[in-house]
Every structure is written in structure tokens, then in C-alpha cells.
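Please look over the sequence and the structure before reading the notes.

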Amino acid sequence: MSKVTAAITAIGGYVPEYVLTNAELEKMVDTTDEWITSRTGIKERRILKGEGLGTSDLAVPAVQDMLRKRGIQAEDIELLICATTTPDHQFPATANIICDKLGAKNAFGYDISAACSGFIYALVTGSKFIESGQYKKVVVVGADKMSSIIDYTDRATCVIFGDGAGAVLLEPDTEGYGIRDSILRSDGSGRVYLHQKAGGSVKPASHKTVDAGEHYVFQDGQPVFKFAVTNMADVSAEIMEKNKLGADDVAWLVPHQANKRIIDATARRMGVGPEKVMLNIERYGNTTSGTIPLCLWDYEKQLHKGDNLILAAFGGGFTWGSVWVKWRLEAGRL
Ligand code: UT7
């Protein structure tokens, strides 16, 4: 029997309606469209507005879009893994809430926390359940309502992040399509540069922590930038070498959308031209776990069966990694 791989057989995405433009941010903090565009590549981002709405409300429409495209029902899902840094609650897992809202009665679910690398961590984890033969329909959703942990008076972070979600379905394949290889890494010593100070067990939320704004994202941008450039580029080159893939063999780089300068450096290191780089940072900003599946969602019509994709991410933790995917769909269809 030929080896079973986990192929991506459908993609869905969702971004909320509200568009937060650079022009609007210019009125909120001391910044300019020129600074944001030249330093990050971002022009606008989407924000989920509305009382009582959370990350699951971004994930559910993304999964529904994916189910509709594949022509299956929520009851067909066996496992749903949600990558998120902004769960609906500390507990229970957002995956459970998504399953409940979807009516995915036959699925079990759990969350993965790996900041901006969350989607690739979850994708690799999900692929193992398919490869083992235990499950045949695994959903991996990357979703983040970053606006819930952003201080909109802090110009260093509020211009970067946005809200959004993307979902993929993994199914078994015996022709070599799907997740072919991965390299995942982490280094917890990087936590000092990018974290949320309060709200966890080390420093539970209190009036004092809220007054100090410690429930917001803290980022020391420059060191994160340096680590991101080096590690995302290195790990992308490493997975190509490991699998004897030259630049000509790679159809697309699917990079985490944190900063256009980090993406450009990764592509240069891989020897891949800009025409092969998926980019939507200008419209959505950094949606954390959402960036990579939202890229696949945006570009799916341009993807061909057999294309080699290199997915690459770097994020808080630090966490980083790359995944080689042999694309199964032809212009979005099985
Ligand atoms: O996705 C998870 C991982 N995260 C990342 O990969 C993010 C990595 N870091 C970055 O992308 C960049 O470091 C940032 C975009 C966050 C910042 O860009 P930078 O080129 O590293 O700027 P900087 O932090 O070194 O700041 C340069 C200057 C500072 O002013 P002074 O001290 O030189 O006077 C900042 O105060 O730019 C100032 N600045 C701003 N000015 C206008 C910082 N934010 C802004 C702003 N508008 N929004």
C-alpha cells in the first residue's frame, strides 16, 4: 500500500467587514501612512466589531466557507484543531466552541498556541492524524481577533495587527499530494521580546494590571524583526535543501504576513522571485494565526495541482518553521 499523506482538499476564509485604514490610524496615534507602508507594507486591516463577538465568530464562517466548497456537512468533521493566540476564553478551548457553533457533533477539538506559527504547528499536528489512518476529515483553522489584545494608543503595535481566519480540510491521499515535510522550532527565551504580561497564571488579571495596560500585546519590535528575518529565511532554505528542492521547483512561498521586509528577505534567501510570493499584508495586516490560510484562500485560483508550496512562519515564543506542501487542487477544485 502506498504511503498516506494529508492533502489539503478545501480552503475557506473570513475577514470582518470593518476596514481600519492607515488614514484612520493617523487620526488615532502619531503615525503616517508613509511610515506604516514603508516599514511594514500594510495599508489596511480588518477589525471585528460588535459586543460579545470573539475569535470563534471569525473561525466559524471560515470553516463554513470551506465546508460549502468541499460539499460536506459539519457532522462529517472528525477533528478540528484551532490555532489561536486570542482564544474566546482562557478555557474551554475555542475549538470546542467552534464545533458547537458549527454543529460539528461528531468532532473533537483542541487549540494550539504558537502565536504567529500557530497555523503551521496545527497543520503538521493535524496531518499526523491523517497519516496514521485514524481520521479522514481533519479541519485546521487559524483564527485571531488581535484587536482584542491591542492597545490602540500604542503606535508601535496598533498599526500592525488585524482580525481574520482561514481554514483548511485535510484528507488522506495516496498519490503523494499534501503535507510532505516540515521543520518546526521554538525557543522560549524569546518570550521577553513578544508577550502579554498579565492575564495568565503568573500574573492574573487585576485592576492594577488592567490600569497598567498589561493585557495588551507587548512587542520589542527590532529584536523580533532580527530573529524573524534570520530564522524564517534559514528554515525555508533548510526545508528546500533537505528535500532537494531548487528555487525553480518551488511554485509559491506562502509566508506569514508580519512585515513585507521579512517576507522579501525570506524570498531572497530561497532564491525565489517576487512573482512567486503570496502577499496580502497590505489588505489584512498581521492576523497572527490567520495569515497563511488567508494567503492560500486569496491565491487558490492561481494554484495548480502538483505545485510545490513552502509555508513559512515566525512568531512569539519564539516559534518558527516551514512546511513543504504538494498542492492537490487545480484552481481550487478537486
Ligand atoms: O508576527 C509575529 C512576529 N512579529 C514580527 O515579526 C514583527 C517584527 N518587527 C517589525 O516588523 C518591526 O520591528 C516593526 C514594524 C514593529 C517596527 O519597525 P522598525 O523599523 O523596527 O521600527 P523601530 O521599532 O526601530 O522604530 C523606529 C522609529 C522609532 O522612533 P525613534 O526612536 O527612532 O525616534 C519609533 O518610535 O519609528 C517609531 N515608530 C513609529 N513612527 C511612526 C514606531 N512605530 C511607529 C509608527 N509610526 N506606527
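**Backbone, ligand site and core**

P92 sits in the loop that links β4 (79-83) to α4 (94-102); helices (H or I, at least four residues) and strands (E, at least two) are DSSP runs, numbered from the N terminus. The model is predicted: local features need pLDDT of at least 70, side-chain atom pairs count only at pLDDT 80 or more, and totals for chains, interfaces and linings use all residues. Residues are numbered from 1 along each chain as its sequence is written, and side-chain values use heavy atoms, with hydrogens and water left out.

**Backbone geometry**

- The peptide bond from F91 to P92 is cis, with omega near 0 degrees.
- G317 and F318 are also joined by a cis peptide bond, with omega about -5 degrees. F318 lies in the loop between β12 and β13.
- A115 is a residue other than glycine with a positive phi, near 50 degrees. A115 belongs to the loop between β5 (108-112) and α5 (118-131).
- A115 counts as buried, because its relative accessibility is 17%. Buried means under 20% relative accessible area, exposed over 50%, and partly exposed in between (1.4 Å probe, protein chains only).
- K244, again not a glycine, has a positive phi near 55 degrees. Its place is the loop between α8 and β11 (252-255). K244 is exposed, with a relative accessible area of 72%.

**Ligand site**

- The ligand has 24 residues around it, and T31, R39, Q222, N259 and N286 come nearest. A residue is near a molecule or strand if one of its heavy atoms lies within 4 Å of it.
- The shell around the ligand has 11 nonpolar, 9 polar and 4 charged residues. Ala, Val, Leu, Ile, Met, Phe, Trp, Tyr, Cys and Pro count as nonpolar, Asp, Glu, Lys and Arg as charged, and the others, Gly among them, as polar.
- Elements that each supply at least two shell residues are α2 (33-40), α6 (155-158), α8 (221-242), α9 (260-270) and β12 (308-315). The largest share, 4 residues, comes from α8.
- Domain 1 (5-176) and domain 2 (180-326) both give residues to the shell, so the ligand lies between them. The domain bounds come from an automatic or database domain assignment.
- A polar side-chain atom of R155 lies 2.8 Å from a ligand oxygen atom. For N259 the corresponding distance to a ligand oxygen atom is 2.7 Å. An N or O atom in the side chain of N286 is 2.8 Å from an oxygen atom of the ligand.
- Taken alone, the ligand exposes 950 Å², and the protein buries 74% of that. Accessible areas come from the Shrake-Rupley method with a 1.4 Å probe; for residues, only the protein chains shown count as cover.

**Nonpolar core**

- The largest nonpolar core has 38 residues, and V217, M270, I310 and F314 have the most contacts inside it. Such a core is a set of buried Ala, Val, Leu, Ile, Met, Phe, Trp, Tyr and Cys residues joined through side-chain atoms within 4.5 Å.
- α8, α9, β12 and β13 (319-326) each supply at least two residues of this core. The largest share, 6 residues, comes from α8.
- Domain 1 (5-176) and domain 2 (180-326) each contribute at least three residues to this core.
- F314 lies in strand β12. F314 counts as buried, at 4% relative accessibility.

Definitions and conventions. Polar contact = N/O pair within 3.5 Å; in protein donor to acceptor, adjacent residues only side chain to side chain.
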